[in-house]
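Let us take this model one question at a time.

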Amino acid sequence: MRRFSQYAALAAYVVFLAFPLLWLLSTALKTPQEMALADPTWIPREPTLSNFTDAFGEQDLVGAAVRSLGVALAASVITVLISLPAAYAMARYRGLVNKIAIGWVLVSQVFPFILIIIPLFMILRDLDLVNTLPGLVVVHVTFTLPFALWMLQGYVRAVPRELEEAAAVDGASRLRSIASVVAPLLAPGVVATLLFAFISSWNEFMFALVILQNPDVMTLPLTLVRFTGPEGVARLGPLAAASLMATIPSLIFFSIIQRRLKSGLMAGAVKG
């Protein structure tokens, strides 16, 4: 009974998490007449693929997805490359500067991001990065870097100093001990930070709305907004179909990287 209750609770949790995707799929397969019914149904009575053809025919979803993917990958990799050495320095070197840096990271998360949109836009305008994907990458890195730094420094603190001291006793330099001892144990943290930065950049809308104005460089969230009627009423069918397709790349990325996360946890346990 205990095993059955565990599986039942897990199944209920999976259904709860999958509810938005199931509802999107149901809506994407319905006709406009069926979506207008007062009593909505889970299973479409007359399934149709016209919403998918309309979505891909009206908007450049493939191009927008490619641009979003490029921005998200670049922003996540740059975020990890910058935050990893900074997190190691914050976790290993104690002092006044370290405390000020940690305090500033925490304080930066308190302010609403709407306050920095105008100054950020002016800076990007002076650098000729407005309406460009590299400018959006810079913004996303700035947006995700504080929390990524906070995440990674927690992983670094979890690695015992005694391991580095033992490597130093064996004659290894600091760089060698970091590369051979600390880096393998930080693999789960790096993967988790990479996943966080990717999802944050993939779903980001506000900064992209302000920076990108040309339809040829718009990312996927901005393209989804364009599924509206002449009076601002959303066209639920094509919008649901496009939104469902927009979730596929992030799901694929997570399914690939979660294997690395699991292998990193196992490697860390063995090496620890």
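The questions below cover helix packing, a surface patch and a salt bridge.

This is a predicted model: local features need pLDDT of at least 70, side-chain atom pairs count only at pLDDT 80 or more, and totals for chains, interfaces and linings use all residues. Residues are numbered from 1 along each chain as its sequence is written, and side-chain values use heavy atoms, leaving out hydrogens and water.

Q: How are α7 and α10 oriented to each other, roughly parallel or roughly antiparallel?
A: Helices here are DSSP runs (H or I, at least four residues), numbered from the N terminus. Helix α7 (residues 133–158) and helix α10 (residues 187–203) pack at about 160°, with axes 10 Å apart. Axes are lines fitted to C-alpha atoms over the stretch in contact, and angles run from 0 to 180 degrees between N-to-C directions. Angles under 35 degrees count as roughly parallel, 65 to 115 as roughly perpendicular, over 145 as roughly antiparallel and the rest as oblique, so α7 and α10 are roughly antiparallel.

Q: Which class does the angle between α8 and α9 fall into?
A: Helix α8 (residues 161–169) packs against helix α9 (residues 174–185) at about 140°, with their axes 9 Å apart. That makes α8, relative to α9, oblique.

Q: What is the handedness of the crossing of α8 and α9?
A: A crossing is left-handed if the near helix is turned anticlockwise from the far one by less than a right angle, and right-handed if clockwise. The crossing of α8 and α9 is right-handed.

Q: What is the relative accessible area of V107?
A: V107 lies in helix α5 (residues 96–108). Buried means under 20% relative accessible area, exposed over 50%, and partly exposed in between (1.4 Å probe, protein chains only). V107 is partly exposed, because its relative accessible area is 36%.

Q: What accessible area does the nonpolar patch with V107 have together?
A: Patches take residues with over 30% relative accessible area and no salt bridge, joining like charges within 9 Å and nonpolar side chains (Val, Leu, Ile, Met, Phe, Trp, Tyr) within 5 Å. Areas come from the Shrake-Rupley method with a 1.4 Å probe; for residues, only the protein chains shown count as cover. W104, V107, V110, F111, I114, L115, I116 and M206 together have about 840 Å².

Q: Which residue meets D126 in a salt bridge?
A: A salt bridge needs a side-chain nitrogen of Lys or Arg within 4 Å of a carboxyl oxygen of Asp or Glu. A search of the whole structure finds one. D126 is exposed at 60% relative accessible area. Its partner, at 4.0 Å (N to O), is R125.

Methods: Helices (H or I, at least four residues) and strands (E, at least two) are DSSP runs, numbered from the N terminus.
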